[in-house]
Amino acid sequence: MMKKIIFIGLLFFCLNGCQKKVQEIVIGTAGPMTGDQSKLGGDVANGVRLAVDEWNEKGGINGVKIRLEIGDDQHDPKQAVSVANKMVNLGIAGMIGHFNSSASIPASSVYERAGIPMITPASTNPQLTNQGYQMVFRVCGRDDQQGKVAADFAVQAFQAKKLAILHDKTTYGQGLSEEFRKAVSEQSKAVEIVSFDGLTQGDKDFRGVLTALKGKNPDMIFFGGIFPEGGLISKQAKEVGLTAPIMGGDGIFDPKFIEIAGIAAEGSFVTFTPDPEKIPHAKGFFQKYKARHGEGLAPYAIYAYDATHILLKALAQAGGISVKGDKKKVSEIIRNMKYDGALGHIEFDTKGDVKASPYVVWTTKGGRFEEFWAPGQPMPTNASDVLMPATHDASS
Amino acid sequence: MTLPLDAMLLQQLVNGLTLGSIYALIALGYTMVYGILEMINFAHGEIYMIGSYLCIIFLGIFTYFGLTQSHLLLSLFLVAILSAVTCAGYGIAMERIAYRPIRSAHRLSPLISALGVSIFLQNYVMLTQGSSDKVFPHVFPISSNSFGAFPITPIQLFIIVSAILLMAGLHFFVQKTSLGKAMRAVAQDKMMASLCGIPIDRVIVVTFVIGSMLAAMAGVMVSIYYGVTSFYIGYVAGMKAFTAAVIGGIGNIPGAMLGGILLGMIESLGAAYVSSEFKDGFAFIILIFILIFRPSGLLTKNA
Amino acid sequence: MQMLSSFKTILIGSLWCGLLVIPFMGVQGALLVAAVLVMGAIGYQTIFRQWALGRFSKMGLLLSGVYSRLRTPVLGRRFWGIGVVALLVVPIFLNNYYLDILTLALLYALLAVGLNITVGLTGLLDLGYAGFYGIGAYAYALLSTKWGLSFWLGVPFGAVIAASFGLLLGVITLRLRGDYLAIVTLGFVQIVYLVLNNWDSLTNGPNGILQIKQPEIGSFLLEQPIHFYYLALFFLIVALFVVYRIAYSQMGRAFCAIREDPIAAEAMGIDTTRMKILAFVLGAGVAGVAGVFFAAKYTFVSPESFTFFESVRILTMVVLGGMGSLFGAVLGAFLLTFLPEMLRGLDLYRMLIFGATLVLMMMVRPQGLLGTSHK
């Protein structure tokens, strides 16, 4: 019996070995594929897979097929490092990931040492690119860029006088909320921030903190976090009797946000990149994504999709399969690349951050997200069904 | 419009009471299993999670057949019954597979087995139902405070009333019926009870069934209340319900009810008036203080 | 006859599970599940069982044989010698991925050995062990980034700071018994997590602390995975030695006496209160060292590494290995670190299978792999 097992084992080993002889370029992606954040990790994997399939349909990189390896780090720094080492051993040519800053930061040192470029679609922690690494890039905007646009909108266009800020105590949510607060106080001294409080990611009950907000009578509630909590906050705010609209960052730009909040989502504001449907490069992406997954936009899938294209394009320019010995070259190409994708125009600075993220404000209307306002504009006039601060007292 | 302060406090108390009723229902399952088997059933929170999924799944089916549109209350009632029965089935399976074979082992072994069950069930639900949050069909209109000045929503009222009815029913069952008496006997002295001819195995199964049904009801309520559920809610809720059971004195049924409601109140008030960031911590800080002064919980006599 | 009744059980059980999964998987999925269960169980009953039972008992015998030999002085020294030499030599041939997993296994082994003092020897159910681990890690992270404290000073500092929290927790829980103690320790790890996550000015909140100094020997910087492997091995061996000496000292016997029967222990003149606190302090100290190592290896700490789930993971290692057995704790740590890694190929099914394996392992050997089946 034992012999048989060994034999079968050897057979598998051989087969494995045989498979590896086929020439291919391997790229990796990693994020929380199981556990409480698995939806987010799955979105990233979907985006990457779509991009890889597109390249393979065109014949791969210079005729060599691309294979995708997916790693599960469960947003745990330890597992992130072990996934990173595993990916390096598999001989990946580049990495799309990781997802969470707490995973990307420890993993980045592994990729840096191995000379493998990594492009994260979602880690917004400024410290990631402050380490002085050559191989680290991100396509998502930094929190300060997004917070600035949100503050412009809230103060200048929406003319809020009292703002309440909530965040989900994560690197992303808290970072974004702090940047928003900073930008608001730089804009105007007259705007009062009546509350700045955190809540727990994964919790479902926010009535306590929302009921307390009611007494402070804010014009707008800014939420730094992602859509499951965002949707619930939007819904429960209406239930406890708050009439102020909710504003959030790209983390709540997900159809699930509207699905969870239902009718309560109407008239919320979200900062996001300009309507990708209007960007010519993005059209194909949306059609294909909808055909495959049917659920419309998942924000991190877009980031992952563009990140993958940037990586693959750089690999192709660097010479495809022959590049393995010279990975520094790939990172140089990425750094100098000017790419127009589903997110719009992307260029990197010397640290690996995107130079500019053209954020605009969207609103929710009729169960859909709709582009609403761009920096520098006045408040749109066709916004009669969107709650304005002046109408608060009348309606409540 | 700024609310007068006392109205806001009242609203907070109602929030806390609703949350507390849900915790109490879950805590009962912990406390009953502990009373009988002296074992912390860490997988109990997952039954609650499954209950909340079942509610959404069954309601989706009913909506598909048009039943929710015509008979909303009836379909809710049916959903609750179906979910409770299915969860009871899960409870029985859990007991047979994970706990009965190792009942005589060291008391930490069931803990590991419970943990295995918990991880298994979470991933099973994630794989079959998808990793994103499951949204409740929007059958209720969003309504705030429709009882005049008294700040309570119909759903909150519904949850509090049903929880009270369920707890009263449980109390009657444990105190008055013969099975309930058998349960109390087994909790006091397993050996003696079996000598008196009480079928221990059956009593244990009944305990799991009742605990699972109560957890299922809590799950159904939470789905209705939040309108959304996800596969990881069982873990935190289970931990809090366990805390509630301990605050009241573990193994003590009225204690679990009191503990649950107390916990819900502390969380709501703490999140509102102190800091929402530490919401998950208040319960434990209070717990430590209570245990320093009453080492066996609020409602148990110190031996 | 017995065969028949067991078939009946199989059928009923499979049907039962099939019915339960209908709402989640639909009728087709449920039929599939039931069919797989029936075939699996019948196959197990008729073919696999005899074979497996033999194997398992043989394996158990082998393990306990090896273990008992390990404890005889002459052979034991040889076995330990071979083991240590293997652990010293093998890594030279491994790539960074395996080295990293091995280092992680060693780190968990260190934690499991520490927790074994509290849970295994003294019988106090401690669900808050990750709290001490986190305190150790943050202590070094802060001292090294703010004051440039070196790693070698960080180790004793981390141990002492974690141990003093152990003392605090021990004093708080003086009067508590059994599961009441467990829930307070659970609360402890939860509060530690919340403080680490919310005290932004000190701990940098959810962003964590970056650029923690790596250890240096003279002017030689330990930074490669293999360096950390040997460092972890060194800590584990020291910890094993110390805990082994404790376990077989008067103190260790007092711990065991408390575990077996606290009242009798008290009657024998053992100061149970002091001993319980001591067990907490010692366990916490080891966790502190492990935390410092963690911070130095990953050069990054963030609160999510020190949650209740981490406590449970370490506890699982101790129980799985066999309560009170030092070697068992190490074995448990290695198994539970390698198992999820081996299951990586299964992608999404990984954690599902991991959970099922935990249940199965407890069914097959409820006392743990190397535990003695007492009580």
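Student: Leaving aside neighbours within four places in sequence, which residues is Leu25(B) in contact with?

Tutor: Ala163(B), Leu166(B), Leu214(B), Ala215(B), Met217(B) and Ala218(B). Contact means that the C-beta atoms, placed from the backbone, lie within 7 Å. A caution on the source: this is a predicted model, where local features need pLDDT of at least 70, side-chain atom pairs count only at pLDDT 80 or more, and totals for chains, interfaces and linings use all residues. Residues are numbered from 1 along each chain as its sequence is written, while chains are lettered from A and ligands numbered from 1 in the order in which they are written.

Student: Which residues touch the most other members of the largest nonpolar core?

Tutor: Leu25(B) is one of them, as are Ala24(B), Met217(B), Ala154(A), Ala109(C), Leu110(C) and Ala112(C). The core has 348 residues. Helix α3 (residues 96-121) of chain C gives the most, with 19 residues.

Student: What makes a set of residues a nonpolar core?

Tutor: Its members are buried Ala, Val, Leu, Ile, Met, Phe, Trp, Tyr and Cys residues, joined through C-beta atoms within 7 Å. Buried means 20 or more other C-beta atoms within 10 Å of a residue's own.

Student: How many residues form the contact between chains B and C?

Tutor: Chain B gives 45 residues and chain C gives 38. On the chain B side, α5(B) has the largest share, 14 residues. That side divides into 31 nonpolar, 12 polar and 2 charged residues. Here nonpolar covers Ala, Val, Leu, Ile, Met, Phe, Trp, Tyr, Cys and Pro; charged covers Asp, Glu, Lys and Arg; the others, Gly among them, are polar.

Student: How many residues of chain B touch chain A?

Tutor: 36, in contact with 36 of chain A. By class, the chain B side has 15 nonpolar, 16 polar and 5 charged residues.

Technical notes
Contact = placed C-beta atoms within 7 Å. Helix = DSSP H or I, 4+ residues; strand = E, 2+ residues; numbered from the N terminus. Buried ≥ 20, exposed ≤ 12 C-beta atoms within 10 Å, placed from the backbone.
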